[in-house]
Structure formats: C-alpha cells, structure tokens
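Please keep the sequence and the 3D view at hand while reading.

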Amino acid sequence: MTMRLLRARRLLLRVCSVLAVLLALACGGGLAAPAQAALPPFQAPFAGPPGPGSWFIGQWYGNTVWSHMYQYPAGQGLHFGIDFNAPCGTIVRAIGDGTVFAVDGPYGAAPHNVVIQHGGDLFSLYGHLLQRANLVPGQQVRQGDPIALSGEPDGNCEHDPHLHLEIRKSAMRQTVNPAPLLNVDWWRATLGIRRNGLTFERDLDHPDRWMTISDQPDVTFGDAYLNAYDRAWP
C-alpha cells in the first residue's frame, strides 16, 4: 500500500469516528434538548387579561416615588407589596396552591385581609378587601380559587380601589418582591404609562440602586428606613 493510500485510509477512519459520535448523540446518547425557562410559580390575583376596564398595576413593590413621599413606616419606608387597581367587588383569586393562614389577622392592609401559606416558607397576603372573606384558617385552596372581593383602604370604594398583594417569608416577618414570582405580562398590566407609583426614587449618592422592578430589596418589618435619602431625585 502506497503512503498516499495509507494517509487517505487514516483520514477516512477519523471521519467515520466523528460521524459515529454525532449519530449516537443525535439518537439520544447525550444530545439534550435546549432547556426552557421555568415559569414563575404564581398567577395574577385576578382572572382575565389586564386593561383599563378590568385591572392594572397602580404601584410597584419597593423604592417607588410614592414610598419616598410617604415613607411607609411599616416597611422600612418602602412599598412592601404590589397594588393591583380594580373596581371594588372584583373577585380576588389565590395566586397559588396553599392553606389559609389568617383571615383579618394582625398583618395590616385594612379593612380586611387574607393570608395564604404556600410551600417553601412563602405566604401571600391580599389586603384592602371589601369584606371579610368566607374562609377559615387551615382551609385548603387551589391556584385560581376565588377567595375574596377587592376593595380599598378606606372601605368606601370612592378614592383608590385596589388590591394590595404581598409575598412574605420568614414566618411573615419579611416581604420579598412579588414581580419575579408572578406570571404576568407586566408591560400590559401597567397600561404602558408612567406615574409616581410606577417609577422609582433615585438616591443621588447611589444612583443605580433599586431603580427597576427587578432589583428591589427585601423588607424586614421594624428595621431601619432604607429610603430616607439625603439627596434624592425627583
């Protein structure tokens, strides 16, 4: 066998080896399908799509302009939930499977509220309800079950009807940002508008901190204010 034929044979064997590996992978020998991003575990607290005639976001969680204006005392100065504006009497639905933890318990969000305990040390709180919910602690609920009717803080449905939704942890002592945990079309849910509840206060000494809905801090009830800025904009 000539040297040229020997080299050609070796090259052919290498090509066949590579093809055999690729064929094995393609037939299930390790070629995995692209991983799909997991959906957030919770759904919106209202049925149907958001819109001006149904429900929309009135105020984000966290370092909002309104929270800086009012310095919410319970939540280290921050807004520690998301406000879903909706007509009074709109059916509120459980955002996930769980167990009723409290009805009109000592957790704020007057005049009425419900707390559902989920897995993984997470709780959902539904506040400013129209009336006391027809639920009892220990009752099991499924995602999407109707649990209450939306109202407003003053109880008369004339000023600012909305549902205040919190996600708590650490035996109800802390809140976390609900936005990453809810499967919601946020752009549509804000109606594409900007107002003080949907914009964030800039600390001019830390201008990049807490300026988007994705980077808001956890809140520990009773701890020091986080947004008592010496220099702020606006």
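The model is a predicted one, and the values given here are computed from its atoms.

**The disulfide**

The structure holds one disulfide, formed by Cys 88 and Cys 157, whose sulfur atoms are 2.0 Å apart. The link is left-handed, with -100° about the S-S bond. Because Cys 88 lies in the loop between β2 (82–85) and β3 (91–93), while Cys 157 lies in the loop between β8 (146–149) and β9 (162–169), the pair ties together parts that are 69 residues apart in sequence. Is each of these cysteines buried, exposed or partly exposed? Cys 88 is partly exposed, with a relative accessible area of 27%, and Cys 157 also counts as partly exposed, at 28%.

**The aromatic pairs**

Eight aromatic pairs are found in the structure, among them the pair of Trp 55 and Phe 84, which counts as tilted because its ring planes stand at 50°, a value that falls between the limits of 30 degrees for stacked and 60 degrees for edge-to-face pairs. This pair links distant parts of the chain, since Trp 55 sits in the loop between α1 (3–26) and β1 (56–59) and Phe 84 in strand β2, 29 residues apart. Trp 55 is buried, with a relative accessibility of 3%, and Phe 84 is buried as well, at 0%.

Another of the pairs is formed by Phe 101 and Phe 123, and it is edge-to-face. Here too distant parts of the chain are linked, with Phe 101 in strand β4 (residues 98–103) and Phe 123 in strand β6 (residues 123–127), 22 residues apart. Phe 101 is partly exposed, its relative accessible area being 33%, whereas Phe 123 is buried, with a relative accessible area of 4%.

The geometry of these two pairs is set out below.

| Pair | Centre to centre | Angle between planes | Class |
|---|---|---|---|
| Trp 55 and Phe 84 | 5.8 Å | 50° | tilted |
| Phe 101 and Phe 123 | 5.0 Å | 70° | edge-to-face |

Trp 55 and Phe 84 also belong to a cluster, in which ring pairs link them with Phe 46.

**A charge over a ring**

Which side chain lies over the face of Trp 210? The residue is Arg 209, which lies at 4.3 Å from the ring centre.

Terms used:
Residues numbered from 1 in each chain as written. Predicted model: local features only at pLDDT ≥ 70, side-chain atom pairs only at ≥ 80, totals over all residues. Heavy atoms only, no water. Disulfide = S-S within 2.5 Å. Helix = DSSP H or I, 4+ residues; strand = E, 2+ residues; numbered from the N terminus. Buried < 20%, exposed > 50% of the residue type's maximum accessible area, 1.4 Å probe, protein only. Phe/Tyr/Trp six-rings, centres within 6.5 Å; stacked < 30°, edge-to-face > 60°. Lys NZ or Arg CZ within 6 Å of the ring centre and 35° of its normal.
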